[in-house]
Amino acid sequence: MGGTTEYAGNFVPGDECVVSFFDSFVLTKQEGSIHMGNTTREDIVQQLEQVLREAQTTLAQANNSEQIQAWHSEYLGRKGQLTGILRNLGSLAPEERPQVGKVANDIKVTLEAELQARQEAIAQAALEAMRRAESVDITLPGRPQTPGKLHITTRTLRDIYMIFAEMGFQIYESPEVETDEYNFQLLNMPPGHPARDMWDTFYTTTPGLLLRTHTSPGQVHAMRQYAPEPIRVIVPGKVYRYEQVTARSESMFNQVEGLAIGKHVTFSDLKGVLMNYANQMYGEGRVARFRKSYFPFTEPSVEMDIDCVICNGKGCPICKYSGWLEILGAGMVHPLVLQYNGYDPGEFSGFAFGMGPERMALQKYGIDDIRYFYSNDARMLERV
Ligand code: PHE
């Protein structure tokens, strides 16, 4: 603490120290500062004791470090009361001085000890106050935590990946922004082809650049990358359609494309893969049927239905009382598509399929409106 050490020597009992105090006193006297004549030893001791009492009372009232600081300079500091009184020692007889010096020193030692105790008490109280202010009531009931959940689409996609991975299909990524060539032409839909009407899309301001309407251009990318190697991939991702948004159709949704190419790949392989998929996805013992269909990039083309998972084929609103749910479109890769993309149709054959995970989740969980998928209503996550 400032000033204390400087003076400590002067007050420590022992003649040498006391003498040094008087030396400085004599100096002061010669400089002509305070000198009171006729002061007795009793007077000084009395003054000292009074200062002690007063200092003790004031100290007990000090509550913070500013007040402590002020107290220190008032009583123990260089210009403090204790020092002030001791300046008068010069008026005492030389033999009296050490005795009074000892009293003064004892008082100083006492006050310093009390000062330290008071400082500790203040610090303790401050800590206590802080602890009380920051304390937590551990008896309060906790706030319920709502753990996050994966979106139904994500879960459905992951289920699909798992099932096809077991059959040796790799995930192949393909862009969402496509050219007219990849989205249509290389899939056997030249400009003006009537089938294009089924896949109207959003166009960019760059001519010929559009948002893909299906994951089928992923077939083209895979074939062009791997030809003439055999292929077994699935192509998941978002697709876009210029369509009125209704309970049954969105303008953005997911598809998972499948493509297998090799020598002697047959329609039976397609059926086997899709039946295995249906049993794993919807449960063992599903009944499936293949209806003839048309896609420009497959020949023959089919649509695959399974017996309704909600009513087991009896008829309900989800299957529109038909007993069947349409789950995907498929077929044998059209010879022209093989040829356009690097495979000799005389040597190679392949199958392809395309399914919509949201549509499948609708059916599996009995959700009645596809718009819930992207409307960001968290209650949707509670459905499964
Ligand atoms: N691309 C088709 C669609 O969007 C689905 C499909 C994919 C059909 C692959 C046959 C083969 O409807």
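The dialogue below takes up helix packing, the sheet, the nonpolar cores and the backbone in turn.

Guide: This is a predicted model, in which local features need pLDDT of at least 70 and side-chain atom pairs count only at pLDDT 80 or more, while totals for chains, interfaces and linings use all residues. Residues are numbered from 1 along each chain as its sequence is written, and side-chain values use heavy atoms, with hydrogens and water left out.

Visitor: How is the packing of two helices described, and at what angle do the axes of H3 and H6 cross?

Guide: Two packed helices are described by the angle between their axes and the distance between the axes. Helices (H or I, at least four residues) and strands (E, at least two) are DSSP runs, numbered from the N terminus. Axes are lines fitted to C-alpha atoms, for helices over the stretch in contact, and angles run from 0 to 180 degrees between N-to-C directions. Here the axes of helix H3 (residues 41–61) and helix H6 (residues 97–134) cross at roughly 0 degrees and come within 10 Å. H3 and H6 are therefore roughly parallel to each other; angles under 35 degrees count as roughly parallel, over 145 as roughly antiparallel, 65 to 115 as roughly perpendicular and the rest as oblique.

Visitor: Which classes of residue make up the contact of H3 with H6?

Guide: The residues of this contact (heavy atoms within 4.5 Å) divide into 13 nonpolar, three polar and four charged. For these classes, Ala, Val, Leu, Ile, Met, Phe, Trp, Tyr, Cys and Pro count as nonpolar, Asp, Glu, Lys and Arg as charged, and the others, Gly among them, as polar.

Visitor: How do H3 and H4 run relative to each other, roughly parallel or roughly antiparallel?

Guide: The axes of H3 and helix H4 (residues 65–75) come within 10 Å and cross at roughly 170 degrees, and the two helices are therefore roughly antiparallel. On the H4 side, the contact is made by Gln67, Ile68, Trp71 and Tyr75. Its residues are six nonpolar, three polar and one charged.

Visitor: What is the strand order of the open sheet?

Guide: Two strands pair if DSSP finds at least two bridges between them. The open sheet has seven strands in the order E1-E4-E5-E9-E8-E7-E6, with mixed pairing. Strand E1 (170–171) and strand E6 (288–295) stand at the edges with a single partner strand each, so one side of each has no neighbour in the sheet.

Visitor: Which residues touch the most other members of the largest nonpolar core?

Guide: In soluble globular proteins, nonpolar side chains tend to be buried together. A nonpolar core is a set of buried Ala, Val, Leu, Ile, Met, Phe, Trp, Tyr and Cys residues joined through side-chain atoms within 4.5 Å. Of the 34 residues in the largest core, Phe164, Tyr277, Phe351, Phe353 and Met355 touch the most other members. H10 supplies the largest share of this core, seven residues.

Visitor: Where are the cis peptide bonds and the positive phi values found?

Guide: Most residues other than glycine have a negative phi, and most peptide bonds are trans. The bond from Ala227 to Pro228 is cis, with omega near 5 degrees, and Pro228 lies in the loop between helix H9 (217–226) and strand E4 (231–240). Another cis bond joins Glu299 and Pro300, with omega about -5 degrees; Pro300 is in strand E7. Tyr321 has a positive phi near 60 degrees and sits in the loop between E7 and E8, where it is exposed, with a relative accessible area of 60%. Asn376 has a positive phi of about 60 degrees, lies in the segment after H12 and is exposed at 78% relative accessible area.

Conventions:
Buried means under 20% relative accessible area, exposed over 50%, partly exposed in between (1.4 Å probe, protein chains only).
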